[in-house]
Amino acid sequence: MNLKIGIVGLPNVGKSTLFNALTNAGALAANYPFATIEPNVGIVPVPDERLDHLAKMYEADKVTPATVEFVDIAGLVQGASKGEGLGNKFLAHIRECQAICHVVRAFKSSDIIRADSKPEDDIIKQAKDDIDIINLELQLADEETKAKIAAKRKKDPSDDNIPFLTDKPVIYMFNVDEKGLTDRDLQSKLCELVSSGATEQAIFVNAKLEEEMSGMSREERKEFLKSYGIEHDALEELIKAAYDVLGLQSFLTAGKKECRAWTIKKGSTAPQAAGTIHTDFERGFIAASIMNYDDLQALGSEQAVKAAGKLRTEGKTYIMQDGDVVEFKFNV
């Protein structure tokens, strides 16, 4: 399945800078509202050390990670649902995404003006105000959509496949300064601004540091982050949060020809997982040969896993687990 995340926020919160860092796509990031006019799109691989390890073990000719698509949507302003700023044209882009990443400004800067031009005094209060503005615009846009649906249903009662913006899972990405990356008191106060519902999460990043890491290798990024007292970069944090709120997990296929990661919903059966590779695999599913990734890594080879009696054959009712290394048997 294709994971698509819409990045939203008020102008000048660091949204496009973070998009650039996440995707290395070079989207325009400027210190004035509406630098993003058309949504920028970037597709990036999902970091997965398990896949890297399998590729070395199998000496794979090809490595294909799972991917996530980021859509950088123009900075919204108060009144966007009624056409203010660049209007609700850009709210439409959010409808196509499975989750919303809401970038919230949680830093003070004399160099980067706030969209409302207000003096910066209370970071927490202003973050709350900014969150409320975006949430209200999404709610107002949904109200307009509901009115349109009601009109449509009079003509076609079966037409109800409209995704509401406020139904989408939200990941709040607080853009903090360098000190804020390890300031647990600040982070706790910011977390209190958003509900602790199952479809919402909060993460903390520094857009400037993320921008500095663009072009670094994974090992270089880890060392760089360690010097600031943090373990994971924005991409890893955001994808982990997205998998959590959307209830996703990965399974792996491995061989000399290709090692690949596949994204599925938690609770998917083996035939449903096979169907993500090809619909024929699900239709003609017979069985699945499954190894646990941790067993494979610990024992060092597929042959060793088999010799240890840890290679399993599972049928149609098997519920896939994160990190299953699978070979499907099918007949069409």
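**Note on backbone, charge and ring contacts**

1. At a relative accessibility of 11%, Asn12 counts as buried (buried means under 20% relative accessible area, exposed over 50% and partly exposed in between, with a 1.4 Å probe and protein chains only). Asn12 sits in the loop between β1 (3–8) and α1 (15–23), where helices (H or I, at least four residues) and strands (E, at least two) are DSSP runs numbered from the N terminus. The phi of Asn12 is near 65°, a positive value in a residue other than glycine.

2. The model is predicted, with local features needing pLDDT of at least 70 and side-chain atom pairs counted only at pLDDT 80 or more, whereas totals for chains, interfaces and linings use all residues. Residues are numbered from 1 along each chain as its sequence is written, and side-chain values use heavy atoms, with hydrogens and water left out.

3. Glu59, in the loop between α2 (49–58) and β3 (63–64), also has a positive phi, of about 50°, although it is not a glycine. Glu59 counts as exposed, at 58% relative accessibility.

4. A search of the whole structure finds 21 salt bridges, a salt bridge being a side-chain nitrogen of Lys or Arg within 4 Å of a carboxyl oxygen of Asp or Glu. In one of them, the side chains of Lys4 and Glu69 meet at 3.9 Å, N to O, and this pair links distant parts of the chain, with Lys4 in strand β1 and Glu69 in strand β4 (residues 67–72), 65 residues apart. Lys4 counts as buried at 19% relative accessibility, while Glu69 is partly exposed at 21%. Lys4, Glu69 and Glu96 are linked in a network of salt bridges.

5. Asp295 and Lys310 also meet in a salt bridge (3.9 Å, N to O). Asp295 lies in helix α11 (residues 293–299) and Lys310 in the loop between α12 (302–307) and β11 (312–314), so the pair ties together parts that are 15 residues apart in sequence. Asp295 is partly exposed, with a relative accessible area of 22%, and Lys310 is partly exposed at 39%.

6. The whole structure holds six aromatic pairs, for which rings of Phe, Tyr and Trp (its six-membered ring) must have centres within 6.5 Å, with planes under 30 degrees apart counting as stacked, over 60 as edge-to-face and the rest as tilted. Phe251 and Trp262 form a stacked pair, 6.3 Å centre to centre with 15° between the planes. Both Phe251 and Trp262 are buried, and ring pairs link Phe251, Trp262, Phe285 and Phe328 into a cluster.
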